[in-house]
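Good morning, and thank you for coming. Today I shall walk through one protein model, and I ask that you keep the display in view as I speak.

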Amino acid sequence: MNVITVSQVNRYIKALLDESAPLRNIYISGEISNFKHYYASGHMYFTLKDENSQLKAVMFSSNASRLKFMPDSGMKVICSGRISVYEKSGEYQLYVDDMQPDGVGALNLAFEQLKEKLFNEGVCSDEIKKPLPLFPKKIGVATSDIGAAVEDIKNITARRYPLAEIVIAPTIVQGASASADIVKSIKLLDSIQDVDVIIVGRGGGSIEDLWAFNTEEVARAVIACKTPIVSAVGHETDFTICDFVADLRAPTPSAAAELVCPDMNNLANELSILKSSLNNYINILVDDQMQYVSELAHSPMLLNYDAVIEAYKDNVDVLETRLADCLSYTIENKGFRLSALAGRLNALSPLAVLARGYSVAHKDERIIKSVSDIKENDEIQIDFQDGKAICRVNEVVKNG
């Protein structure tokens, strides 16, 4: 009896599967279930299944990083790879090298996935879009420095609004390094303080050609940009993720230049119309004032100003007479009142009392009000109307 170990069995079966040409490059369609993506390592583990069977599968990070879309449970896909055995568990599984959505292109699926994600975040809302400047002094352009797109922007700007200066950040707009280069150009233009608006875009092409403008890194750079951004990618029928997150979408680079730049000819016409309207308004205003002055010149007051002045003089004389009469009456009335008050005051005066035969006794310059204020031999002073007497008290007699 030839006894072998479990490891030897698994290793032998693995060798058989690995040497099988049909299993080394196989395409399998199925529905993903139990999908797990380990972000730390980047590896993806899932099961492919159909109505009757299922097959375990793994896609390592080196291959998973090249996917344009994010797989998920319930998604129908076509996987290419090889069948082999994982010796430790003795399970055979599909080692996936590439994956495509079944029934829809990978790029289209990735586009819809990212679009849905950004719309759910609210970063595509019109409420947060920045307005474009009416009269930009400096326009930043992130695009290839060769080709029709940049030339169209130059020509249209020179024709419509030659006052604006164009700052071009030469940018790779197609290929594996395009996304990173677009992000770099956006950040560079945004860092220039006097750039008023930025145009990001390129000419038309296939979805593969335009894919750099559908990446999340470019979308995040556009969202983070403080300067207003106009997205001008491809033709009018082409829509990219950059279009949705930009402050304004232009159907073409040429249209972007027209949206950013005011037309000098139109501005001149508008100024001419405003000038004409202002002149008409001034003329009407002057005519109205001339008519008013003419009416004043022919008014009775100005035509008979001597009579008017005499009338005012007569009125002044009347007012002067009324004022004098009023003043005399007031003085006389106040005089009568003053006399009455003086009479009342005189009646209360000590002098009036003395005039009636009364006298006032003082001791030490204080009025004597009671016999208790004096005693025998005190020297007192008695005031009369026409003089005073110095007396000495011989006796003090109290009543009762």
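Predicted model: local features only at pLDDT ≥ 70, side-chain atom pairs only at ≥ 80, totals over all residues.

E13 covers residues 379–384, and E14 covers residues 387–392. E13 and E14 pair in the antiparallel sense, over six bridges. As one example, Glu379 has Arg392 of E14 as its bridge partner. E13 also pairs with strand E11, residues 360–363, again in the antiparallel sense, over three bridges. There, Ala361 stands opposite Ile382 in E13.

I turn now to the barrel. In what order do its five strands close? The order is E1-E2-E3-E5-E4, and the pairing is mixed. From one strand to the next, the twist averages 55°.

We may follow some of the pairs in turn. E1 and E2 run antiparallel and are joined by five bridges; Ser33, for instance, stands opposite Thr47 in E2. The hairpin of E1 and E2 has six residues between the strands, and in it Gly42 takes a positive phi near 90°. E1 also pairs with E4, in the antiparallel sense, over six bridges. E4, residues 76–86, is in turn joined to E5 by 10 bridges, and these two strands run antiparallel. Within that pair, Ser80 stands opposite Asp98 in E5. Helix H1, residues 6–19, packs on this sheet and touches E4 and E5; the direction of H1 makes about 135° with that of E4.

Which residue of E4 stands opposite Ile26? It is Gly81. Leaving aside neighbours within four places in sequence, Ile26 is in contact with Cys79, Ser80, Gly81, Arg82, Ile83 and Leu94. As a general point, side chains in a regular strand alternate between the two faces of the sheet.

The next topic is the open sheet. Five strands form it, in the order E7-E6-E8-E9-E10, and here the pairing is parallel. Why is one side of E7 and of E10 left without a neighbour in the sheet? E7 (165–170) and E10 (248–249) stand at the edges and each has a single partner strand, so one side of each is left without a neighbour in the sheet. The partner of E7 can be seen in the pairing with E6, residues 138–143: six bridges join these parallel strands. In one of these bridges, Lys138 is partnered by Glu165 in E7. Helix H6, residues 178–191, packs on the sheet and touches E6, E7, E8 (197–202) and E9 (229–233). The direction of H6 makes about 145° with that of E7.

H6 has a helical partner as well. H6 and H7 pack at an angle of about 10°, with their axes 9 Å apart. That angle makes H6 roughly parallel to H7. On the H6 side, the contact is made by Ser179, Ala180, Ile182, Val183, Ile186 and Asp190, and on the H7 side by Glu217, Val218, Ala221, Val222 and Ala224. By class, this contact has eight nonpolar, one polar and two charged residues. For a sense of distance, let us return to Ile26: this residue and Val218 are 192 residues apart in sequence and 35 Å apart in space, C-alpha to C-alpha.

Rolling a probe the size of a water molecule over the atoms shows where empty space is left. The largest pocket has a volume of about 760 Å³. It is lined by 28 residues, and the closest to its centre are Leu67, Lys68, Phe69, Ala110 and Trp211. Which element gives the most to this lining? H4 does, with five residues. The lining has 12 nonpolar, 10 polar and six charged residues.

The second largest pocket holds about 300 Å³ of space. Of its 15 lining residues, Tyr45, Phe46, Lys56, Ala57 and Gln93 lie nearest the centre. The elements that give two or more residues to this lining are E1 (26–37), E2 (44–49), E3 (54–59) and E5 (91–101). Its residues divide into eight nonpolar, four polar and three charged.

Thank you for your attention.

Definitions and conventions. Residues numbered from 1 in each chain as written. Heavy atoms only, no water. Pairing = 2+ DSSP bridges. Helix = DSSP H or I, 4+ residues; strand = E, 2+ residues; numbered from the N terminus. Contact = heavy atoms within 4.5 Å. Axes fitted to C-alpha atoms, helices over the stretch in contact; angles between N-to-C directions. 1 Å grid on protein atoms, 1.4 Å probe; cavity = no way out; pocket = protein on both sides within 12 Å on 5 of 7 lines; lining within 4 Å. Points joined across faces, edges and corners; volume = space filled by probe spheres on them. Nonpolar A, V, L, I, M, F, W, Y, C, P; charged D, E, K, R; others polar. Parallel < 35°, antiparallel > 145°, perpendicular 65-115°, else oblique.
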